[in-house]
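Student: I've got a new structure open and I'd like to learn how to read it. Can you walk me through a strand and then a pair of helices?

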Amino acid sequence: MLEVKNVTKNYGSLRAVDGVSFRLDKGEALGLLGPNAAGKTTLMRIMAGYLPADGGSVLLDGMDIAESPVAVKRRLGYLPEIPPLYNDMTVKSYLLFASEIKGVPKQARASRADEVMERTGVADVAGRLIRNISKGYRQRVGLAQAMIHNPDVLILDEPTVGLDPNQIIEIRNLIKELSATNTILLSSHILTEVSATCDRVVILNEGRVAAVDTQEGLARRLRGGDSLTVEVAGAKPGEAAQTFLSIDGVDGVEPAAEVAQGSERFTVSCRAGFDARGPIFHKAAASGWTLLELSRDSISLEDVFIKLTADEEASSDA
């Protein structure tokens, strides 16, 4: 649906975005991650039509935003890191104004404003001046203006900045709900937020794409294959390790942390793309052992992020 093709942006001699390409499909929530100065905000501004690219293109269903800016922007909702608010307007009058400039039919503006205020949790401050509401409310009003015209694509730069934990959960749930009908690009420094709300992630580093994949796919790439934790009881010493190692697709079996007497725990390393859980279960059952644990080891998004960005920086310094 939304395609970024070889986008480049320079600020003088600094190349902030360097040949970035990726695609968002309809109904997908995609997380955009990267360290400070990685080019995330610049890229989102280009995708929203706020900045022109120096090279490459951004296409929405084949329409180039540089060639058809008005038509593309009608289908985009953009929440920058600092929401574009007018302090001397009330919350509702601001959203009515936003609905007008974004082409919402006149007869639908009031009902649409009421709907987005309810969904973003700002209905209780509808009549207050924006200058007199808290930072958290201001952030949610910014999200409401991005949603007011029911866009196909939402581009959200740090949407939960300034919110308390309960509000963050509410906005995360709203983003998940919106992803059923909207394509969403979400940038955040809170990696758990991206992990909780996004289907895939794009990791930028020094203006370039370091990786594009699901969190699980990135974890597999990082470790080269799956890793399982297995605990069994009833096997003779060394018997279980030898049995699991005989499974075609298992590359290694290493003793893990000590456990209660009578059981053994292992870390089982598997070839990329091979799921050893079924074969391990059947081997244990056939041998008459009690399988106490069989779980896929997880690598957090934070681990993946640190590894990929550190490797990129090390490569550029070499």
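Predicted model: local features only at pLDDT ≥ 70, side-chain atom pairs only at ≥ 80, totals over all residues.

Student: Which residue of β8 does Ala-29 stand opposite?

Tutor: Ala-29 faces Ile-184 in β8. β3 also pairs with strand β9 (residues 200-205), again parallel and with 4 bridges. There, Leu-33 sits opposite Ile-203 of β9.

Student: How do I read the two sides of a strand?

Tutor: In a regular strand, side chains alternate between the two faces of the sheet. In β3, Ala-29, Gly-31 and Leu-33 lie on one side, with Leu-30 and Leu-32 on the other, and all of them are buried.

Student: Why is β3 (residues 29-33) said to be largely enclosed?

Tutor: Because 5 of its 5 residues are buried, β3 is largely enclosed by the rest of the structure.

Student: And now the helices, how do I describe a packed pair?

Tutor: You use the angle between the two axes and the distance between them. Here, the axes of helix α5 (residues 135-147) and helix α6 (residues 165-178) come within 12 Å, crossing at roughly 10°. Angles under 35 degrees count as roughly parallel, so α5 is roughly parallel to α6.

Student: Which residues of α5 and α6 make the contact?

Tutor: From α5 it's Gly-136, Arg-140, Leu-143 and Met-147; from α6 it's Gln-167, Glu-170, Ile-171, Leu-174 and Leu-178. Sorted by type, the residues of this α5 and α6 contact give 5 nonpolar, 2 polar and 2 charged.

Terms used:
Residues numbered from 1 in each chain as written. Heavy atoms only, no water. Axes fitted to C-alpha atoms, helices over the stretch in contact; angles between N-to-C directions. Helix = DSSP H or I, 4+ residues; strand = E, 2+ residues; numbered from the N terminus. Parallel < 35°, antiparallel > 145°, perpendicular 65-115°, else oblique. Contact = heavy atoms within 4.5 Å. Nonpolar A, V, L, I, M, F, W, Y, C, P; charged D, E, K, R; others polar. Buried < 20%, exposed > 50% of the residue type's maximum accessible area, 1.4 Å probe, protein only. Pairing = 2+ DSSP bridges.
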